[in-house]
Amino acid sequence: MNQNKEKTGKEGQETADLVWQELRTEHIVQDPWIDFRRSAYQFPDGRVFEPFYSYSRKDYVVIVASDEQGNYLCVRQFRQGIKEVTTEFPAGGIERKDGKEYGAKRGQSGSEDAWKAAKRELFEETGYESNEWKHLLTVPSNATIADNYAYIFTARNCYKSGNQHLDETEFLNVRKYAADEIEKMIYEGSFQQAVHIMAWLLSREDFKIYTLRKALVKSYLGKITGIKVDRPSGSAHPKHADIIYPVNYGYIPGIFGGDGEELDVYLLGIDKPVKEYTGRIIAIIHREDDVEDKLVMAPEGVEITQDEVAAQVHFQEQYYKTKIEMWEKNQSLYGKSGS
């Protein structure tokens with residue numbers, strides 16, 4: 001169904017009044033790589049005009065990737081459109097399961113998962129991998145003339161895990177840049193891909209939010225605070241009935257985490273269900289593959305080791321890649337939970 005027809009009310013009527021009707025289409029070039037068309041359209045006032053040109057190509061991913069030192073991974077390669085060597089972020093097409101290069105509507109099952117494509121392209125072009133991915137936006141690559149979409153991702157704390165595996169038509173070099181160097185290239189006109197510039201601006205805003213969120217969670221480590229318990233020990237997960245909480249699980253009222261919900265807290269050291277509690281935050285569960293972190297609380301004076309924390313939160317944290325940061329009075333080491 002035409003998405004424009006699904007809208008209702010005043011906005012829907014306005015949209016209907018603006019839609020052009022395609023009357024005929026000629027495929028000027030239609031090969032495995034592109035479908036380039038010439039079309040005639042009827043305007044809302046009844047007039048007919050042609051030609052309008054458009055094309056179909058495969059959807060693609062763009063990855064704003066940074067390494068463990070905070071440098072950004074870029075690639076240098078020749079672009080035949082402007083006939084120049086460009087500096088840009090790793091990017092590449094999303095493979096189709098049906099063997100075609102284009103034509104699937106966004107979200108159609110004929111395409112591989114965009115995140116899997118992003119992981120593959122990052123590794124093939126740079127030899128780097130990441131455990132900290134985030135999808136920022138899916139946007140038409142050029143709504144005026146093309147029907148494909150760009151999927152924008154960030155990948156943080158990338159690490160070298162192998163060598164490049166380039167396609168036979170790829171000739172590119174990897175370069176690392178600091179954030180201020182990329183800003184300088186953008187404003188000097190030497191970072192030439194428009195969608196990549198948009199990806200950069202989105203990633204910088206996301207990075208600010210990420211940094212503030214981490215700082216907020218960190219500020220509670222070692223503090224005494226109160227929580228409300230909405231999932232007492234013995235209760236079932238509200239969305240996954242097979243997950244039973246062996247510990248009390250709640251939140252700090254009025255303090256919001258990375259998922260937009262109030263900041264979650266595991267309450268350990270209490271062997272009965274409670275509705276609220278005041279205790280000390282002894283640990284942070286850093287989720288490397290999720291938008292939120294978790295706090296761990298214990299009664300004042302109760303000593304709980306990092307291994308004990310890992311064991312008691314395993315029932316839920318086993319589904320994520322995590323690191324446990326302990327309050328220094330207990331243990332200041334990083335470790336892996338759920339393992």
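At the start of α3, a side-chain oxygen of Asp113 comes to within 2.9 Å of the backbone nitrogen of Trp115. The model is predicted: local features need pLDDT of at least 70, side-chain atom pairs count only at pLDDT 80 or more, and totals for chains, interfaces and linings use all residues. Residues are numbered from 1 along each chain as its sequence is written, and side-chain values use heavy atoms, without hydrogens or water.

Helix α3 covers residues 114–126. Helices are DSSP runs (H or I, at least four residues), strands likewise (E, at least two), numbered from the N terminus. The 13 residues of α3 should span 18 Å at 1.5 Å a residue, and the end C-alpha atoms are 18 Å apart, so the two agree. The expected span is 1.5 Å times one less than the number of residues. Buried residues (under 20% relative accessible area, 1.4 Å probe, protein chains only) of α3 include Ala117, Glu121 and Leu122. Gly127 follows α3, with a positive phi near 80 degrees.

Now α5 (194–219). This helix has 26 residues and reaches 38 Å from first C-alpha to last, close to the 38 Å expected. Trp200, Ser203 and Asp206 are among its buried residues.

Ser203 also lines the largest cavity, along with Val64, Ser66, Tyr72, Thr154, Ala155, Arg156 and Phe207. A cavity is a set of points on a 1 Å grid over the protein atoms alone where a 1.4 Å probe fits but cannot get out; lining residues have an atom within 4 Å of a point. β10 gives the largest share of the lining, three residues. About 70 Å³ of space lies inside, a volume being the space filled by probe spheres set on the points.

Terms used
On a 1 Å grid over the protein atoms alone, a cavity is a set of points where a 1.4 Å probe fits but cannot get out, and a pocket is an open set with protein on both sides within 12 Å along at least five of seven lines; lining residues have an atom within 4 Å of a point. Buried means under 20% relative accessible area, exposed over 50%, partly exposed in between (1.4 Å probe, protein chains only). A polar contact is a pair of N or O atoms within 3.5 Å; within protein, one must be able to donate a hydrogen and the other to accept it, and residues adjacent in sequence count only if both atoms are side-chain atoms.
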